[in-house]
Amino acid sequence: MKFKFFILSGLCFLFISNSLYAQDKLPIKFGRVSVEDFDITKLNVDTTEGAVVIADVGISSFEGNTKGYFTLVFKHQRRVKIINKNGFDLANVEIPLYVQGNKEESLEKISAITYNLENGKVVETKLDMKSVFKDKYDKNHVVKKFTLPQVKEGCIIEYSYTINSDYLFNLHAWNFQGSYPRVWSEYTTKVPEFFEYVFLSQGYHPFFKKNNKSYHGDYYVTVDYNGAYGSPDHLKLSGTETENTWIMKDVPALKEEKYTSSIKNHIARIEFQMSGYKFPNQPPKKVMGDWITVSDELMQSDDFGAKINKENNWLDDDIKLIMSGALTKIDKARKIYEYVKKQIKSTGDRGILLSKPLKDVFSSKSGSVAEINVLLIAMLKHENLYAAPVILSTTDHGYINNIYPLLDRFNYVVCKLDIDSTNYFLDASKTKIGFGHLPLFCYNGDARVIDKIPLAINFSPDTLAEAKYTNIMLFNDQKVKGKWEGNLSSNLGYYESYDIRDEIAQHGIGQFEKELSSSYAENFVARDIKLENLDDCEKTINLKYNLTIDNSGNADVIYFNPMLKEGYTENYFKSAERKYPVEMPYLTDETVALYLDIPEGYVVDEVPAPTKVTFNGEEGYFEYLISVGESSINLRSRIKLEKATFYPEEYEALRSFFDYIVKKQSEQIVFKLKK
């Protein structure tokens with residue numbers, strides 16, 4: 001049996017037909033809400049999500065200022081229809097502002113109004129400006145927050161604001177899509193010819209319109225010398241201004257589903273990176289360098305590589321003790337790695353820059369992820385081993401751009417170690433990860449070695465193979481009819497082993513055993529639970545325990561699922577369609593083998609049929625092979641997938657594949673009492 005994915009051409013006709021009657025301009029006028037606006041029955045988006053963004057409009061432009069330069073002006077307007085309480089969170093507005101030192105972007109002209117329909121009339125309630133407050137987010141960001149008043153089911157909320165910024169590199173990104181449907185999403189940029197930006201777009205929803213036009217612009221800049229050189233100079237700069245407008249409409253909500261790296265990787269979005277600037281009678285200036293330049297700057301930075309390349313003589317005495325008994329390069333590397341992993345406690349903080357000297361990290365026995373792994377690199381280099389930092393973005397942080405060196409896309413540092421032409425990647429901040437392994441969240445695609453030659457590397461889930469083999473043996477109890485005694489042995493994959501180690505470290509082995517026992521039905525008893533290799537993080541765990549299954553109370557008929565609890569009980573792919581890839585964490589290879597005595601005094605009345613199905617030719621298969629002998633039954637069930645990433649056009653086939661697995665693995669053997 002094979003699963004295939006078909007595209008119905010009728011869907012294309014339906015889309016074209018609907019678009020003929022769709023609106024081709026902004027469907028509302030901000031600031032004016034009528035009774036008719038509360039009717040959403042004619043919208044072409046899903047209205048069951050709790051709220052609908054009716055219109056979302058932003059514009060970024062440049063103005064000359066009185067500080068001798070330019071101000072970046074961002075204006076945002078949004079209208080939302082709240083359908084029920086599930087959409088109330090859209091009434092909580094957060095506006096991030098960039099901060100550098102004691103200067104931050106200026107938030108101005110806040111307007112926020114809630115409209116309710118009461119007795120056939122529109123009643124509006126305005127936001128009290130005293131309800132706007134500020135929180136510090138991190139070193140370079142604060143967040144202004146407010147909640148619209150009188151939010152009720154069925155209301156309409158509308159708000160607008162303006163941000164004035166002196167930080168021209170911070171040209172606002174725009175999300176055309178989010179967790180609620182959007183009827184109309186529009187963004188415009190007006191950029192003078194003096195500034196150059198790279199446009200980065202992503203997503204799967206098509207643009208309804210993309211417009212580009214250029215025209216003459218005049219910009220007035222005042223240079224104030226504070227009395228040192230007389231009165232201020234008023235300058236006029238003229239040049240071409242380029243206006244770009246992007247519009248999407250009837251954009252569906254994008255919810256995070258099972259096997260998603262990060263939903264931010266897949267929403268329809270456009271963002272910008274300043275690449276340079278050029279003014280009349282001046283040579284052009286590049287702002288965004290290439291990877292060789294950026295890598296060199298990082299290696300010379302006191303907040304990163306400068307501390308790696310120092311002699312670090314303060315390590316001499318301690319490393320002599322650590323190196324005791326190490327004869328080979330790999331012995332030295334392992335001893336240093338184990339020392340750092342066990343002795344330096346991670347604060348859990350991510351990011352690629354260091355906040356304190358490595359000597360302080362070593363002496364305080366504490367540091368961020370970057371500080372711990374940079375210390376590891378420094379100690380390896382101290383022993384003349386080749387080691388270099390690798391910067392990457394974790395799965396929850398989103399993908400990096402593999403063309404442009406955008407450092408804000410990176411949030412994690414690991415170590416690359418080369419010994420005798422073999423590469424090892426190390427993370428000493430995780431105590432339950434073994435030598436040569438990285439946490440799963442590091443496998444998020446492209447990464448970059450920071451060295452003289454800044455090599456691009458790829459941490460792909462498709463390079464990880466996770467194999468699990470479970471063997472179950474169940475024999476008849478000689479004293480009680482319909483009762484089995486036996487055992488289960490499961491050789492787990494590396495990352496399932498890691499999860500168990502982490503769980504036990506946090507909650508204790510007693511809690512693990514309790515949860516394992518309670519996962520079985522009442523007539524199952526799991527006992528004598530053993531976890532071989534639990535303390536050896538470089539090996540996989542072998543989980544073993546004894547089993548008792550008592551069906552003696554069912555005198556006439558025994559129903560038995562031969563998968564026990566090792567099968568799939570639900571299909572994780574619940575949506576009828578998926579607009580972005582399925583991103584599994586690794587290649588799957590799961591095998592369950594069962595030997596089962598036929599109960600004394602019973603006969604096999606029903607048994608699942610054996611089957612084998614393939615997925616997309618050679619990309620995977622599911623087999624369920626069962627045979628019935630005179631006194632026993634043997635089963636072998638195996639699921640094997642040769643890749644971890646599946647694109648939207650493969651989703652229906654993958655969903656059907658797992659649908660079949662769930663149904664098959666839920667089938668039962670039926671034993672009937674001999675007559």
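This is a predicted model: local features need pLDDT of at least 70, side-chain atom pairs count only at pLDDT 80 or more; totals for chains, interfaces and linings use all residues.
Student: What average pLDDT does the protein have, and which of its elements score lowest and highest?

Tutor: The protein averages a pLDDT of 91, and 95% of the residues score at least 70. Among the elements, helix 1 (residues 9-20) has the lowest mean pLDDT, 32, whereas strand 31 (residues 587-597) has the highest, 98. Over residues 1-22 the pLDDT stays under 50, and the model has 18 contacts beyond four places in sequence for this stretch.

Student: How is the packing of two helices described?

Tutor: Two packed helices are described by the angle between their axes and by the distance between those axes. In this structure, helix 4 (residues 329-343) and helix 6 (residues 369-382) have axes that come within 10 Å and cross at roughly 150°. Helix 4 is therefore roughly antiparallel to helix 6, since an angle over 145 degrees counts as such. The crossing of helix 4 past helix 6 is right-handed.

Student: Which residues of helix 4 and helix 6 meet?

Tutor: From helix 4, A333, I336, Y337, Y339 and V340 meet I372, L376, M379 and L380 of helix 6. By class, this contact has 9 nonpolar residues, with no polar and no charged ones.

Student: At what angle do the axes of helix 7 and helix 8 cross?

Tutor: The axes of helix 7 (residues 494-507) and helix 8 (residues 509-518) cross at roughly 120° and come within 7 Å. These two helices are therefore oblique to each other. In helix 7, I500, E503, I504 and H507 meet I509, Q511, F512 and E515 in helix 8. The residues of this contact comprise 4 nonpolar, 2 polar and 2 charged.

Student: How is a pair of aromatic rings described?

Tutor: A pair of aromatic rings is described by the distance of the centres and the angle of the planes. The count here comes to 54 aromatic pairs. In one of them, the ring centres of Y187 and F272 are 6.1 Å apart and the planes stand at 50°, so the pair is tilted.

Student: Where in the chain do Y187 and F272 lie?

Tutor: Y187 lies in strand 12 (residues 182-192) and F272 in strand 16 (residues 269-277). The pair links distant parts of the chain, 85 residues apart.

Conventions. Residues are numbered from 1 along each chain as its sequence is written. Side-chain values use heavy atoms; hydrogens and water are left out. Axes are lines fitted to C-alpha atoms, for helices over the stretch in contact, and angles run from 0 to 180 degrees between N-to-C directions. Helices (H or I, at least four residues) and strands (E, at least two) are DSSP runs, numbered from the N terminus. Angles under 35 degrees count as roughly parallel, over 145 as roughly antiparallel, 65 to 115 as roughly perpendicular and the rest as oblique. A crossing is left-handed if the near helix is turned anticlockwise from the far one by less than a right angle, and right-handed if clockwise. Contact means heavy atoms within 4.5 Å. Ala, Val, Leu, Ile, Met, Phe, Trp, Tyr, Cys and Pro count as nonpolar, Asp, Glu, Lys and Arg as charged, and the others, Gly among them, as polar. pLDDT is the predictor's confidence in each residue, from 0 to 100. Rings of Phe, Tyr and Trp (its six-membered ring) pair if their centres lie within 6.5 Å; planes under 30 degrees apart count as stacked, over 60 as edge-to-face and the rest as tilted.
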